[in-house]
Amino acid sequence: MNSNNDPNYSPLRDVAQSPEATARYLADVQRVLLDIGKNLETLAHETRVHLRDTHVEGDRWYHARLRALPVEKALGSVLKNLNNLTEGLEKSAYKRRAHDEVVVNTAKERKEKELEKQRKKNPQPLQAAPNPPQQGAKSQNLGYGGPTSIYDMGRESA
């Protein structure tokens, strides 16, 4: 029922509902921002060259540079923020996909926990050992589970 006549319709609603569509959209936005970033880098370089070449009569060699620093710093800050923004878009796409994986895994984990809970509430009766050891039988393993005194050794001694 998505139509342009619906006052609550948003074209990004469909994008938000699919992790693949979200990733494509964010990649497109990132591509545009990277293009803008290239232009801003060029602008920053050209501005730096122009401002540092602008000398006023009576300047020492470093005065033009000092006047240019605030402008260079502002453009550098814009570029830094733009790079952080593009990294954030990439991270958002990964987080969106991870969210869907968590949702799918949560349903599976809940089913497994429910089965475990049911199993704990209704434990299966343990089956008896097929041949319980008898008192007079010789033990095959004389390790720590063997006779505990010399009187228990009987004929098994060397």
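Predicted model: local features only at pLDDT ≥ 70, side-chain atom pairs only at ≥ 80, totals over all residues.
Q: Where is the place of His-55?
A: His-55 has its place in the loop between α2 and α3.

Q: What does His-55 touch?
A: Not counting residues up to four places away in sequence, His-55 touches Trp-61, Ala-64 and Arg-67. A polar atom of the His-55 side chain also lies 3.5 Å from the backbone oxygen of Arg-52.

Q: And Arg-65, how many residues from His-55 is that in sequence?
A: His-55 and Arg-65 are 10 residues apart in sequence. In space they are 9.3 Å apart, C-alpha to C-alpha.

Q: Let's step back to the chain. How many helices and strands does the secondary structure of the chain come to?
A: The chain has three helices and zero strands. From the N terminus on, its elements run α-α-α.

Q: What percentage of the residues of the chain count as buried?
A: Of the 158 residues, 13% count as buried.

Q: What share of the contacts with a separation of 6 or more comes from residues 24 or more positions apart?
A: That share is 54% for this chain.

Q: Back to the helices. At roughly what angle do the axes of α2 and α3 cross?
A: The axes of α2 and α3 (residues 63-121) cross at roughly 170 degrees and come within 10 Å. That makes α2 roughly antiparallel to α3, because the angle is over 145 degrees.

Q: How do the residues of the contact of α2 with α3 divide?
A: They divide into 21 nonpolar, 10 charged and six polar residues.

Q: Which residues are in the largest nonpolar core?
A: The largest nonpolar core has five residues, namely Leu-26, Leu-33, Leu-82, Leu-89 and Ala-93. At least two residues of this core come from each of α2 and α3.

Q: Which helix gives the most to this core?
A: Helix α3 gives the most, with three residues.

Q: Leu-40, then. In which helix is Leu-40 found?
A: Leu-40 is found in helix α2. Apart from neighbours within four places in sequence, Leu-40 is in contact with Val-78, Leu-79 and Leu-82.

Q: How many residues apart in sequence are Leu-40 and Leu-82?
A: Leu-40 and Leu-82 are 42 residues apart in sequence. Their C-alpha to C-alpha distance is 9.6 Å.

Q: Why does Leu-40 count as partly exposed?
A: Leu-40 has 21% relative accessibility, so it counts as partly exposed. Buried would need a value under 20%.

Q: What about Glu-72, buried or exposed?
A: Glu-72 is buried, because its relative accessible area is 18% and buried means under 20%.

Q: In which helix does Glu-72 lie, and what does it touch?
A: Glu-72 lies in helix α3. With residues up to four places away in sequence left out, Glu-72 touches Arg-48 and Arg-52.

Q: Another one, Thr-47. Which helix does Thr-47 lie in?
A: Thr-47 lies in helix α2, which covers residues 19-53.

Q: Which backbone oxygen does the side chain of Thr-47 reach?
A: The Thr-47 side chain reaches the backbone oxygen of Leu-43, at 2.6 Å. Not counting residues up to four places away in sequence, Thr-47 touches Val-71 and Leu-75.

Q: Last one, Arg-31. Where is its place?
A: Arg-31 has its place in helix α2.

Q: Which side chain does a polar contact join to that of Arg-31?
A: The side chain of Asp-28, through a polar contact of 2.8 Å.

Q: And what separates the C-alpha atoms of Arg-31 and Thr-86?
A: The C-alpha atoms of Arg-31 and Thr-86 are separated by 8.6 Å. Along the chain, these two are 55 residues apart.

Terms used. Residues numbered from 1 in each chain as written. Heavy atoms only, no water. Helix = DSSP H or I, 4+ residues; strand = E, 2+ residues; numbered from the N terminus. Polar contact = N/O pair within 3.5 Å; in protein donor to acceptor, adjacent residues only side chain to side chain. Contact = heavy atoms within 4.5 Å. Axes fitted to C-alpha atoms, helices over the stretch in contact; angles between N-to-C directions. Parallel < 35°, antiparallel > 145°, perpendicular 65-115°, else oblique. Nonpolar A, V, L, I, M, F, W, Y, C, P; charged D, E, K, R; others polar. Core = buried A, V, L, I, M, F, W, Y, C linked by side-chain atoms within 4.5 Å. Buried < 20%, exposed > 50% of the residue type's maximum accessible area, 1.4 Å probe, protein only.
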